[in-house]
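User: Could you walk me through this model? I'd like the overall picture before the details.

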Amino acid sequence: MKVSSLLSTAVLIGSSADVSAFTPIANSPSHTPLAFSNNNINDDDGDMSRRSALATVASILTTATAPLLLQPRPASARLEGVNNPSLLPATPGLNVIQVEKFLTSGQEKRMNDLLERLEKDTGYRVRVLCQAYPRTPGLAIRDYWDLGKEGAKDDKYVVLVVDQFGGKGNVLNFNVGDGVKFALPNVFWTRLTSKYGTTFFVKENGIDIAITNAIEAIVTCLRSEDQYCVNVPDEGVSLRSLGM
């Protein structure tokens, strides 16, 4: 049974292990739903086969509840890690970093201001990194944004890493801190990447719209009365719902 997930990466943000880089999955989308073939469970094997299958699922789900990781697992060979602080902006504290320019200057400024207000009002930190692997700050971004450090108490963050994978994969990759997982559970991220991150959506609408819609959906959910979403809000949300 082949299983891949938006939770699949090599190193925990907050682990003491050596964190490599924001290296995308080259040939697969950010999330593939779990699935069983009919060969995995059959009447001949009886209860033992069912218990084995349930144990497999439990193991997968246990892995899936770990913090999201900085480096997605490659489809075939592991991509080399990057730690390149020279690609970081000279200006400190930016919420949106474009190593690869996917947004216009106006879109970038509006998004940066939007995320600044969100953090001020709710405490949730949402960050956006636009890259084209291997052109990425990699590990250096963790220090710039002060994210996922061992022993850190602030885990209310989301990092959106945007990479086109040469046009072969989902462009939206999310790294989510534990403090956000109750408000936005795994199914939300699956639906969000499936709605806006596909190559079809990007081709029809543009990568800037994919990024903007995804961020506006996240902000809308985190600003909602319940601060909880499993479904992706519709496009055309009000400025008020975005805190503007």
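Analyst: Starting with the contacts (heavy atoms within 4.5 Å), residues 24 or more positions apart account for 72% of those in the protein chain with a separation of 6 or more. Please keep in mind that this is a predicted model, in which local features need pLDDT of at least 70 and side-chain atom pairs count only at pLDDT 80 or more, while totals for chains, interfaces and linings use all residues. Residues are numbered from 1 along each chain as its sequence is written, and side-chain values use heavy atoms, with hydrogens and water left out.

User: How many helices and strands are there, and in what order do the elements run?

Analyst: The protein chain has six helices and four strands, taking helices (H or I, at least four residues) and strands (E, at least two) as DSSP runs numbered from the N terminus. From the N terminus on, the order is α-β-α-β-α-β-β-α-α-α.

User: What share of the residues counts as buried?

Analyst: Of the 244 residues, 46% count as buried, where buried means under 20% relative accessible area, exposed over 50%, and partly exposed in between (1.4 Å probe, protein chains only).

User: On to α2, then: which residues are buried there, and which are exposed?

Analyst: Q107, M111, N112, L114, L115, L118 and T122 of α2 are buried. Seen down the axis of α2, these buried residues fall within an arc of 165° (taken from the directions from the helix axis to the C-beta atoms), so they line one face of the helix. S105, K109, R110 and K120 are exposed on the other side of α2.

User: What covers the buried residues of α2?

Analyst: The cover includes β1 (96–98), β2 (125–130) and α6 (207–223).

User: And how do the axes of α4 and α6 cross?

Analyst: The axes of α4 (residues 186–196) and α6 come within 10 Å and cross at roughly 150°, with axes being lines fitted to C-alpha atoms, for helices over the stretch in contact, and angles running from 0 to 180 degrees between N-to-C directions. That makes α4 roughly antiparallel to α6, a label for angles over 145 degrees. On the α4 side, the contact is made by F188, W189, L192 and Y196, and on the α6 side by A210, N213, A214, A217, I218 and C221.

User: One last thing: where is L172, and is it buried or exposed?

Analyst: L172 lies in strand β4 (residues 172–176), and it counts as buried because its relative accessibility is 0%. L172 and I211 are 39 residues apart in sequence, with their C-alpha atoms 7.7 Å apart in space.

Terms used
Angles under 35 degrees count as roughly parallel, over 145 as roughly antiparallel, 65 to 115 as roughly perpendicular and the rest as oblique.
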